[in-house]
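Subject: Structure for you to look at

Hello,

Here is the structure I promised. Please open it first, then read my notes below.

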Amino acid sequence: MRRKIVAGNWKMNNDLSETEALLNDLIAQMPSTHASVMVAPTFVNLFQAFTVLKGHDIEVIAQNMHQEENGAYTGEISAKMLKSVGVNTVILGHSERRAYFGETDELLVAKVNTALANDLEIVFCFGEELEDRTSGNHFSLVESQLRNALFHLDVADWKGIVLAYEPVWAIGTGETASPEQAQEMHAFIRKTIADKFGSEVGDEVSILYGGSVKPANAAEIFAKEDVDGGLIGGAALKAADFIAIINAI
Ligand SMILES: O=C[C@H](O)COP(=O)(O)O
């Protein structure tokens, strides 16, 4: 179901005490909102995040997951492990995973399948590099990312998928896609999904924008018709900024 979402991806930030402090600040300042609010702390703090947030309307989600169910994969985390601590949603395909850990579309197919098989919802990230945009290749690049990783799905699988368009040139750079650029790409993404899976799926899928969203630009971006919220990095690390972004939706 299409819904408004504000998700904070904390990346490799916040140790245990910092995690508890930020969550308590969020609890203290959380406004009443129609949006779903999510936070993605690092793996080692997921369990404590659930403990701190018990009874509060903030979903704890994971930043990544291994594609195999279990086995000899030192340092990795399985879908079942995430489920066992209460996680119901996992971020997959983030550009930092693609760039620094070599995650390919092919690998992401396996991760998507494993997540869905374990009843995990997915926030699926994708987006073009600067050179794709400057060369005018951004639409075909985004279309290929969707096609390669998600076009094998069944219509029913889309109940468990949220899309997060994150132009790589806007992540952590302070450079944001303009609201018009975001809307143009989100409309293209929605049409791409509708053309492949039908208009019901296209209409219902939530599409988040990510890339240097901050209190000063969130409202303008979120106001666009095909933007259903944001996946927030840096600004999610400060309670006041994250709360301001939630208020902007
Ligand atoms: O997952 C979040 C995105 O990578 C955006 O990060 P950012 O808000 O720091 O640009």
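Where is the place of Glu166? Glu166 sits in the loop between strand E6 (161–165) and helix H8 (179–197). Helices (H or I, at least four residues) and strands (E, at least two) are DSSP runs, numbered from the N terminus.

Some ground rules. This is a predicted model, where local features need pLDDT of at least 70, side-chain atom pairs count only at pLDDT 80 or more, and totals for chains, interfaces and linings use all residues. Residues are numbered from 1 along each chain as its sequence is written.

Confidence: the chain has a mean pLDDT of 97, and 100% of its residues reach 70 or more. pLDDT is the predictor's per-residue confidence, from 0 to 100. For the complex, the predictor gives an ipTM of 0.99 and a pTM of 0.97.

**Annotated site**

The unreviewed UniProt entry annotates His94 and Glu166 as "active site". They are spread over 73 residues of sequence, yet they cluster in space, with a largest C-alpha distance of 8.3 Å. UniProt positions follow the numbering used here, feature names are shortened, and annotations may be inferred rather than shown by experiment.

His94 lies in the loop between strand E4 (89–92) and helix H4 (95–101). His94 counts as buried because it has 27 C-beta neighbours inside 10 Å. Glu166 is buried too, with 27 such neighbours inside 10 Å. The cut-offs: buried means 20 or more other C-beta atoms within 10 Å of a residue's own, exposed means 12 or fewer, partly exposed is in between, and C-beta atoms are placed from the backbone.

**Ligand**

The ligand is surrounded by 14 residues, and the closest are Asn9, Ile171, Gly210, Gly233 and Gly234. A residue is near if its C-beta atom, placed from the backbone, lies within 6 Å. The shell divides into five nonpolar, eight polar and one charged. Nonpolar covers Ala, Val, Leu, Ile, Met, Phe, Trp, Tyr, Cys and Pro; charged covers Asp, Glu, Lys and Arg; the others, Gly among them, are polar.

**Strand E1**

Five of the five residues of E1 (residues 5–9) are buried, so the strand is largely enclosed by the rest of the structure. Ile5, Ala7 and Asn9 are buried on one side, Val6 and Gly8 on the other.

E1 pairs in parallel with E2 (residues 36–40) over five bridges. Pairing takes at least two DSSP bridges. Val6 stands opposite Val37 in E2. E1 also runs parallel to E8 (residues 229–232), joined by four bridges. There, Ile5 stands opposite Gly229.

Best wishes
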